[in-house]
Amino acid sequence: MKKLSLMIALVLGTALMASAQRYCVIDTKYILDNIPEYKEAQSKLDAVAEQWQKEIDAKFLEVDKMYKSYQAEQVMLTDELKHKREEEIVAREKEAKDLQKKRFGYEGDLFKKREELVKPIQDRIYNAVQKLAAQRMYDFVLDKAGGVTVIFSDPKLDKSDDILNALGVKKQ
């Protein structure tokens with residue numbers, strides 16, 4: 001009988017603790033889409049990425065022209081000249097791939113530029129979320145825009161507009 005009473009008390013205690021947890025849902029994509037500075041930063045990133053991509057495409061086009069020229073002249077070249085031209089083509093292709101990696105690779109120039117332009121905005125959002133969670137005593141803040149899958153959320157739990165208000169941003 002004591003065991004049964006203890007088990008019932010444990011189950012009720014756990015249920016009360018679980019129901020006592022407070023949480024809310026936000027949508028960071030929605031929040032970011034309503035922040036004008038984010039749109040500006042994204043436009044700048046897109047412009048820089050497009051410029052860098054054109055630069056890389058030009059290098060690969062140059063490699064392609066060199067290769068086609070080599071193929072056309074290959075029969076008339078000596079073995080030594082063939083080898084020299086092949087090395088030039090391979091070197092130029094490596095140069096183009098290295099530039100591509102430098103610009104778009106992991107922790108490349110685009111990553112650094114994104115961090116420079118977008119991270120301050122993300123930090124402001126994070127600080128606003130932290131402040132809201134502390135003020136309203138939320139135990140959890142779920143983001144329905146990211147990797148966390150939220151199958152259903154009551155719209156009254158979505159506090160994205162509160163975050164925008166805390167940031168001083170008017171909805172668009």
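1. Met137 is exposed, with a relative accessible area of 61%; here exposed means over 50% relative accessible area, buried under 20%, and partly exposed in between, computed with a 1.4 Å probe on protein chains only. Met137 sits in the loop between α5 and β2, and although Met137 is not a glycine, its phi is positive, at about 55°. Helices (H or I, at least four residues) and strands (E, at least two) are DSSP runs, numbered from the N terminus.

2. The model is a predicted one, in which local features need pLDDT of at least 70 and side-chain atom pairs count only at pLDDT 80 or more, while totals for chains, interfaces and linings use all residues. Residues are numbered from 1 along each chain as its sequence is written, and side-chain values use heavy atoms, with hydrogens and water left out.

3. A positive phi of about 60° is also found at Glu107, which is not a glycine. Glu107 belongs to the loop between α4 (79-104) and α5, and its relative accessible area of 44% makes Glu107 partly exposed.

4. The largest nonpolar core has 25 residues, and those with the most contacts inside it are Ile31, Ile35, Ile121, Ile125, Ile163 and Leu167. A nonpolar core is a set of buried Ala, Val, Leu, Ile, Met, Phe, Trp, Tyr and Cys residues joined through side-chain atoms within 4.5 Å. At least two residues of this core are supplied by each of β1 (23-26), α2 (28-33), α3 (36-73), α5 (109-136) and α6 (160-167), and the largest share, nine residues, comes from α5. A second, separate core of five residues includes Val63, Met66, Leu77 and Ile89. In soluble globular proteins, nonpolar side chains tend to be buried together.

5. Which residues does Ile31 touch, not counting residues up to four places away in sequence? With contact taken as heavy atoms within 4.5 Å, the partners of Ile31 are Ile26, Ile125, Ser160, Ile163, Leu164 and Leu167.

6. In α6, the residues Ser160, Ile163, Leu164 and Leu167 are buried. They lie on the same side of α6 because they cover an arc of only 100° around the axis, the arc being that of the directions from the helix axis to the C-beta atoms. What covers these buried residues of α6 includes β1, α2 and α5, whereas the face turned away from the buried side carries the exposed residues Asn165 and Ala166. Just after α6, Gly168 takes a positive phi of about 75°.

7. The largest pocket has a volume of about 150 Å³, and its lining consists of Ile26, Thr28, Leu32, Gln122, Ile125, Tyr126, Val129 and Asp143. A pocket is an open set of points on a 1 Å grid over the protein atoms alone, where a 1.4 Å probe fits, with protein on both sides within 12 Å along at least five of seven lines; lining residues have an atom within 4 Å of a point. The volume is the space filled by probe spheres set on the points, which are joined across faces, edges and corners. The largest share of the lining, four residues, comes from α5. Gln122 lies in helix α5 and, at 42% relative accessibility, counts as partly exposed.

8. Asp158 lies in the loop between β2 (140-143) and α6, and is partly exposed, with a relative accessible area of 24%. Not counting residues up to four places away in sequence, Asp158 touches Val25, Ile26, Asp27 and Lys144.
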